[in-house]
Every structure is written in structure tokens, then in C-alpha cells.
Amino acid sequence: MAAPLTLLLLVAVTVRAALYRSSLADLISERVEVVSPLTAWKRVVEGLALLDLGVSPYSGDVFHETPLIIYLFHFLVDYAEITFMLADVITAVALYLSVKDYNKQVFRKQKYALEADRYPLDCLELIRSPKEMQYIPLKVAMFYLLNPFTILSCVAKSTCGLNNAVIALFVLSTIKGNVLLSAIFLSLATYQSIYPLTLCAAALLYLLQRQYIPVNLRRFSFWWFVAQYAFMYLGSLFVIVGLSFFLLGSWDFLPSVYGFILSVPDLTPNIGLFWYFFAEMFEHFRLFFLCVFQINVFFYTVPLSIKLKEHPVFLIFMQLAVISIFKSYPTVGDIALYMAFLPVWSHLHRFLRNIFLVSCVLLACSALFPVLWHLWIYAGSANSNFYYAITLLFNVAQILLVSDYFYAFLRREHHLSHGLYLKRKDGSEATLVLK
Amino acid sequence: MQLQLFVIILFLFSPLVPQENAGQFFSSGHTNNWAVLVCTSRFWFNYRHVANTLSVYRSVKRLGIPDSHIVLMLADDMACNHRNPKPATVFSHKNMELNVYGDDVEVDYRGYEVTVENFLRVLTGRLPPSTPRSKRLLSDDRSNILIYLTGHGGNGFLKFQDSEEISNVELADAFEQMWQKRRYNELLFIIDTCQGASMYERFYSPNLMALASSQVGEDSLSHQPDLAIGVHLMDRYTFYLLEFLEDIHPSSKANMNDLFKVCPKSQCVSTPGHRTDLFLRDPGSALITDFFGSVRKVEITMETINLTEPIQQVEQNFVNEERQKETYSYVDQLPVSEIIHQKPKQKDWHPPDGFILGLWTLILLVFFKTYGMKHLKHIF
């Protein structure tokens with residue numbers, strides 16, 4: 001597998017390097033779909049310049065990234081392109097390794113279940129074989145590296161690429177079973193943007209499963225493990241925040257980074273749902289709707305983790321999707337990360353119902369984004385409603401995609417336990433509905 | 001001999017007279033006069049309103065207010081109306097032969113420009129920048145303004161040109177705006193319409209005095225019609241007002257109390273009303289010429305004033321042929337050259353050493369924890 005992977009990496013790096021050298025790089029780095037006020041490269045440069053002038057980089061609502069990014073780019077600002085390409089490569093390799101390991105586990109579990117005769121006889125066609133699973137890690141890496149969204153995000157030098165790298169490393173360390181590294185990478189990801197906090201539950205579930213600790217609220221071992229993980233996670237988070245304080249000598253990064261993410265003061269249009277709502281909202285209700293929108297991101301953790309407690313990796317996928325759709329400043333880079341996981345669930349294709357519609361809508365919306373932006377901003381013949389309509393449609397398509405996969409996954413599990421051809425009590429054919 | 005005595009007495013008393021006159025000159029507190037004369041009607045059968053306004057215009061001009069200080073708003077469709085048997089004339093009722101129209105009548109707002117909006121804009125001064133001076137009321141806080149309105153009115157409103165109306169509340173608010181913007185010192189408001197007293201009921205700004213031709217519920221009536229022209233030429237109140245004003249000349253001492261007695265019920269049929277509660281001075285001390293005339297501020301002085309001596313030429317000293325050359329040089333003010341060529345030292349920001357140390361220690365610790373301590377022996 002190393003050779004195709006290396007080839008893929010080379011291709012990806014070449015494409016990115018070619019785009020860097022072309023004139024499209026400047027064009028792409030200004031597109032609002034690709035960069036947001038949090039992740040824009042020119043804001044990083046601005047922050048570094050402010051720091052060189054002796055002013056705090058967080059003064060004046062320019063720079064909203066974390067101080068560790070300042071540290072990283074203080075030395076690497078001349079090699080920024082290589083840094084981002086390297087981040088993409090790290091992400092792809094991490095995803096590759098994690099999916100390979102996950103596939104091994106899936107196959108092993110399946111083997112045990114077959115030996116224990118737990119599958120009904122007619123759902124043997126749902127069983128996965130190593131042959132079909134052989135190319136999945138490569139496909140995952142390919143999906144990530146050659147996704148136009150990722151390429152755009154990399155060429156724009158959006159720090160979303162670094163965030164994706166950290167999350168991918170978190171996924172890798174979780175799947176490999178390393179509790180400390182998982183906690184550390186998760187705290188790094190949370191430190192950069194608050195939303196990966198919701199991945200805590202998924203990581204916990206996976207690690208508990210791996211260590212054969214049953215998820216029983218009354219057992220001491222469960223709570224002991226949760227306490228360990230929480231201690232490592234919170235401890236590393238505090239250490240990192242403390243280090244950031246020591247880097248710049250002041251706490252003003254807290255309101256600039258976390259206050260900015262949570263209170264959404266900047267209403268630049270992006271592909272998310274926040275900007276339009278908050279642009280037209282009365283001041284009186286702003287806090288209320290802010291709380292509603294932010295809770296919406298975190299809210300799905302509990303029900304999803306209850307439903308998917310035996311399938312934590314799928315839970316990670318769902319959580320990443322929910323974060324990418326509902327976060328306050330989403331960009332296409334976030335979407336690319338969860339889309340990279342889609343080949344892992346390619347065996348669900350026979351249960352997916354809306355895939356044609358979703359893919360058409362996603363393609364159409366991706367094409368319409370720059371068109372309507374141009375019409376709104378430059379031609380003046382459209383207005384923000386047009387752009388927001390496409391944003392809405394794009395997000396609806398994503399939600400439909402995610403819920404479709406959710407349905408397919410649960411349906412497959414149901415079939416695996418109840419047989420492929422479901423019958424009602426009177427013997428006629430039954431249909432399965434996701435309620 | 002008697003003449004000489006008289007002259008001596010005059011000289012004795014003469015120092016007193018200018019003082020007295022000087023005192024009276026400065027008693028009212030205003031330095032300029034303005035007049036806003038508005039006729040709010042149009043059409044031939046409202047001839048008398050135009051004649052009213054033009055007659056007041058004539059009197060006010062005669063008493064000294066120049067055209068530049070009069071804003072005259074007329075429909076101006078009488079003189080050249082095709083129903084006018086005597087074209088280019090507007091007769092007032094004075095002897096039925098006084099033509100109050102002519103070359104020297106400067107109408108500022110004519111025809112359809114006489115609207116409520118324009119009237120209020122003139123009063124409050126909120127006109128577009130392109131408005132010429134003749135259409136502006138450029139009063140200040142030392143101006144006494146005379147405002148004369150005539151036309152058709154009702155209880156609380158005045159009709160403008162048969163299409164809109166101004167209410168007494170709007171008028172009162174306009175005057176309050178004028179007061180707040182210091183656009184008048186004292187203001188005399190005369191209205192000759194039916195139920196005219198209702199128009200000054202709502203005033204609440206200081207230094208306003210108001211006169212009206214009739215009370216609420218009464219109609220102001222017109223004077224006799226002219227059979228040759230076919231319409232009534234004037235209204236009663238304005239007719240008697242003008243008769244009163246004919247006796248006023250620029251140095252007249254007649255005061256407002258006399259004006260209130262103009263046109264009693266026997267002559268006017270309606271009861272004229274007036275309002276002085278907002279006027280801060282005693283009406284008896286306010287002269288007619290304070291509003292109808294124009295003040296020329298004249299300072300009388302008996303002193304002689306020395307003008308400055310003419311400028312003398314500076315004599316050039318040609319003491320020595322060799323003049324001492326004083327070398328001039330600029331005083332050193334700022335060390336400019338030093339400032340210009342000095343760039344601030346670019347201090348690059350470096351992360352603190354403690355930070356770097358702490359960060360890399362942590363990274364190493366995590367690395368070794370993950371991969372075991374066995375790698376340590378490769379390093380040391």
C-alpha cells in the first residue's frame with residue numbers, strides 16, 4: 001500500500017504546487033467560501049506584522065487564530081506553502097493509517113460475530129470481505145487529497161488545513177488506542193476551534209470499547225476511565241492555554257479567539273447559517289438566538305452517542321459532519337474532512353436513498369456559489385438572499401447526506417440482527433423507516 | 001433778539017435731546033426688521049386677499065422695510081387675470097383708486113409656490129441650498145418680524161390655495177422652531193381670515209404678539225365691492241388697519257395699544273382679537289414702527305474722534321556707505337536631519353525563551369511517554 005499512497009501524495013502535492021504558482025492563488029485566497037475571518041491567511045500575516053510592530057496581534061479584530069499558530073508561523077512564514085501542503089499530507093496519511101486499523105478491527109469483530117453465529121442466514125451478502133476493504137484506506141486518502149475543496153483550502157492557505165491535520169491525528173491516535181495522545185490532540189483541536197469538544201464522547205466510547213470497559217454508568221471502572229481521560233484532556237488544554245499566555249504575555253487571545261467563535265460578531269457571508277440570521281436580527285434577540293445556534297452544534301452529541309454507542313467511529317464521522325455544518329464560520333475545508341470518511345461506509349451504498357439528489361445539489365451549489373457572489377457583490381443585480389438561498393440549499397444537502405448515511409448504517413445494523421428480508425407479523429414484506 | 005434767546009435756549013437744551021432720542025433708539029432691542037406677507041388664496045373672486053396683502057406691503061415699504069427684508073407670497077393671478085377689466089392693476093379700497101400693483105412690487109413666491117411647505121420653510125429657514133436670497137427669511141435673534149396672513153380660514157386652520165391647509169398647531173410649532181433657532185427677537189402676527197383668533201390660540205413661544213380680525217365662530221367680512229371690477233376689493237379689518245397705518249410715519253410714537261383699538265365691532269362687524277400674554281414687554285412700550293417700520297441704527301455722538309496719523313515713510317539712514325551687514329541665520333528648531341534619516345529600529349518579535357523551553361519539553365515528554373523510554377538510551 002505504500003507505493004500507491006506515495007504516488008497519490010506526489011500527485012496531490014504537484015497539483016497544489018501548480019496552483020500555488022498560478023495566478024489563481026490570490027483569487028482563491030479571497031473567496032469567502034474557502035476562508036473565513038477565523039482561518040484567513042492574510043489575517044495571520046497581519047497578526048504577525050502587528051506583533052513585529054510591537055502591538056498585540058489581537059488588537060483591532062484582525063487576527064482570530066490561536067497564539068500557537070503565531071508561534072508556528074513566526075518561523076515558518078516564508079515556507080507557508082510547504083507547511084500547508086505538509087499539513088494536508090499529514091492529514092491524508094493519518095486518515096489512511098486510521099482507516100486501515102479500523103478496517104482490521106471491523107473485520108475482526110465480524111469474524112467473531114460470524115463464529116458466534118450471531119448473524120441471520122439471509123444477510124450474508126451484507127458481510128464485508130477483506131478484498132473489498134483492501135482499497136478503502138487509499139480511497140480515503142484520495143478522497144481527502146484530491147477533493148477540490150481541500151485543494152482550494154490548501155491553495156488559499158487557510159488554517160483550516162492545520163485544524164484538519166490535528167483532528168486527523170486525533171482520529172489516528174484514538175483508533176490506535178493511545179489515550180494520552182488522543183487527549184492531547186483533541187485538546188489541541190479544541191484549543192483551535194471550540195467545536196471538537198463534542199468529539200470527546202466519541203473518543204471516550206471508542207477507547208472504552210477498545211479496553212473492554214463496559215459502558216455502564218454504575219460501574220467504577222467506567223468512571224475511573226472517564227476521569228482519567230478528562231484529566232488528561234483538561235490538563236493538556238490548560239497547559240496549552242497557559243503556554244499561549246506565556247507566549248504573548250496577556251490573556252487577550254481568549255476573547256479574540258473563543259469570544260469571537262462563540263459570539264459571532266463578524267457577519268461576513270460564508271457557507272454557514274449564522275451570518276444571514278444575525279444580520280437581520282434585532283439586537284434584543286441576539287443573545288437568545290446566539291445561544292440557540294451554538295447549542296445546536298453541541299446538542300446532537302448526547303442523542304447520537306446514545307444511539308451509536310457500539311459504533312464510535314461512525315459517531316466520530318457524524319460529529320465531524322455536524323460540526324462542519326453547524327459551526328459558526330464553516331469553510332469548505334471542514335466539509336472536506338468529513339467527506340474523506342465516505343469511502344469507509346461505501347458498503348452502505350445499497351441502503352442510501354438520496355445519494356443522487358444530494359450529489360447533484362452539492363455540485364450545483366458549489367458551482368453557484370461564485371456565480372451568485374459575483375451577481376450580488378459585483379454586478380449588483382442580486383442581493384444577499386440569493387447567496388443565502390444557495391448556502392441554505394448547500395447545508396440542507398449536507399444534512400441530507402449525513403442523515404442518509406445514518407439511516408443506511410442503522411438499517412444495515414438492523415438487518416444484521418434481524419435478517420435482510422424483513423417480514424411483518426402476517427408474513428408480508430415490511431419496510432424499514434427511520435423515525 | 002428773541003431769535004438769539006431762542007437759539008441760546010436751544011443750545012442749552014440740545015445736549016439733552018440727543019440723549020433722549022438715543023435712549024429711545026435702543027429701547028426695543030432689535031436691530032433689523034423683516035416682514036413675511038402671505039396671501040393664501042388664488043382665483044379671481046379672492047381679489048381682496050391679494051389687495052390686502054399688497055396694501056400692507058406698500059405700507060411696510062413706505063415705513064422703511066426694504067424689499068430685501070420682505071418675503072411676499074402671493075398667488076399673483078389678479079393683475080393679469082383675463083377677468084380683470086383694468087389689467088396690470090390691483091386696486092385697494094383706498095379711494096378705490098390706489099393701484100397697489102406696479103413695477104416695484106417684488107413678489108418672492110408667486111402662483112403655485114405659495115404652499116404650506118414653502119411657508120414653513122421660509123419661517124424656519126430650512127430651504128434647499130439653491131434658494132435665492134430674496135426667497136429666504138434671513139432673520140437673526142435681533143430681528144423683529146411682522147407676519148401677515150390673509151385668506152380663507154376656519155377654526156384652527158388656514159386654507160392655502162384651495163388644496164391644502166395649515167393648522168394652528170403647525171404654525172405654533174414653526175414659531176417655536178424659530179424661537180429655538182433664534183430667528184426672531186419679537187414677532188407680530190396679524191391674520192385677517194374668518195375665525196382668525198383660532199390661529200393664534202396655540203402659540204407657546206415667547207415674544208409673540210398676535211392680532212386677528214375675528215374671534216372663533218365669527219366671519220371676517222369684506223368691505224364694499226367695486227362695481228367696476230366686480231369683486232370686493234378689501235377686507236374690513238385690513239382696510240381699517242391701513243387707515244390707521246396711514247397716520248404712522250417712521251418716527252411715530254404710536255404703540256401697540258393703539259393698534260389693538262383698530263376696527264372696533266361697529267366698523268368691522270366681527271370682533272378683532274389680540275394676544276399679548278407671550279409678549280415679554282408691555283405692549284404699550286412696543287412701537288408700531290418696531291414692527292411695521294425699519295430701524296436704522298444711528299449712533300449719535302458729540303465727541304470728536306481723531307483718525308490715526310498718516311503712515312510715515314521710514315527714513316533711510318545713509319550714515320555710512322558701508323552698511324553693517326547683519327548676518328541672518330535661521331534658528332535651530334528641530335534637528336530635522338537627524339529625525340529624517342533615523343528609522344525606528346525594527347525589533348523583531350521573538351517568542352519568549354521560557355515558552356520555547358516549556359513547549360519542547362512537553363512535546364518530548366509526550367513523545368517518550370508514547371513510544372516508551374527505550375528511545376532515551378539512543379539519545380544519551
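Author: Between chain B and chain A, one residue pair is in polar contact, with both residues at pLDDT 80 or more. This is a predicted model, and the account that follows should be read accordingly. The number of salt bridges between chain B and chain A is zero. On the side of chain B that touches chain A, nine residues are nonpolar, four are polar and three are charged.

The extent of this interface can be stated in two ways. By contact, 16 residues of chain B meet 16 residues of chain A. By area, about 1400 Å² is buried between chain B and chain A, and carbon and sulfur atoms give 75% of that area. Within chain B, the residues that lose the most area to chain A are Trp349(B), Phe355(B) and Val366(B), which together account for 47% of what that side buries.

I turn now to the sheets of chain B. One of them is an open sheet of seven strands with mixed pairing, in the order E5-E2-E1-E6-E10-E11-E12. Its edge strands are E5 (109-110) and E12 (273-275) of chain B, each of which pairs on one side only. Within this sheet, strand E1 (residues 32-39) of chain B runs parallel to strand E2 (residues 70-74) of chain B, and four bridges join the two. Helix H6 (residues 236-246) of chain B lies across strands E6 (143-150), E10 (186-192) and E11 (208-212) of chain B. Relative to E10(B), helix H6 of chain B runs at about 130 degrees.

Another open sheet of chain B consists of three strands in the order E7-E8-E9, with antiparallel pairing. Strand E7 (152-154) and strand E9 of chain B each have a single partner strand, so one side of each is left without a neighbour in the sheet.

E7(B) and E8(B) run antiparallel and are joined by three bridges; here Gly154(B) has Phe157(B) in E8(B) as its bridge partner. Strand E8 (residues 157-160) of chain B then pairs with strand E9 (residues 164-167) of chain B over four bridges, again in the antiparallel sense. In this pairing, Lys159(B) stands opposite Glu165(B) in E9(B). E8(B) and E9(B) form a hairpin with three residues between them. In the turn of that hairpin, Gln161(B) has a positive phi of about 55 degrees.

Technical notes: Residues numbered from 1 in each chain as written. Chains lettered and ligands numbered in written order. Predicted model: local features only at pLDDT ≥ 70, side-chain atom pairs only at ≥ 80, totals over all residues. Heavy atoms only, no water. Pairing = 2+ DSSP bridges. Contact = heavy atoms within 4.5 Å. Axes fitted to C-alpha atoms, helices over the stretch in contact; angles between N-to-C directions. Buried area = accessible area lost by both parts, 1.4 Å probe. Salt bridge = Lys/Arg side-chain N within 4 Å of Asp/Glu carboxyl O. Polar contact = N/O pair within 3.5 Å; in protein donor to acceptor, adjacent residues only side chain to side chain. Nonpolar A, V, L, I, M, F, W, Y, C, P; charged D, E, K, R; others polar.
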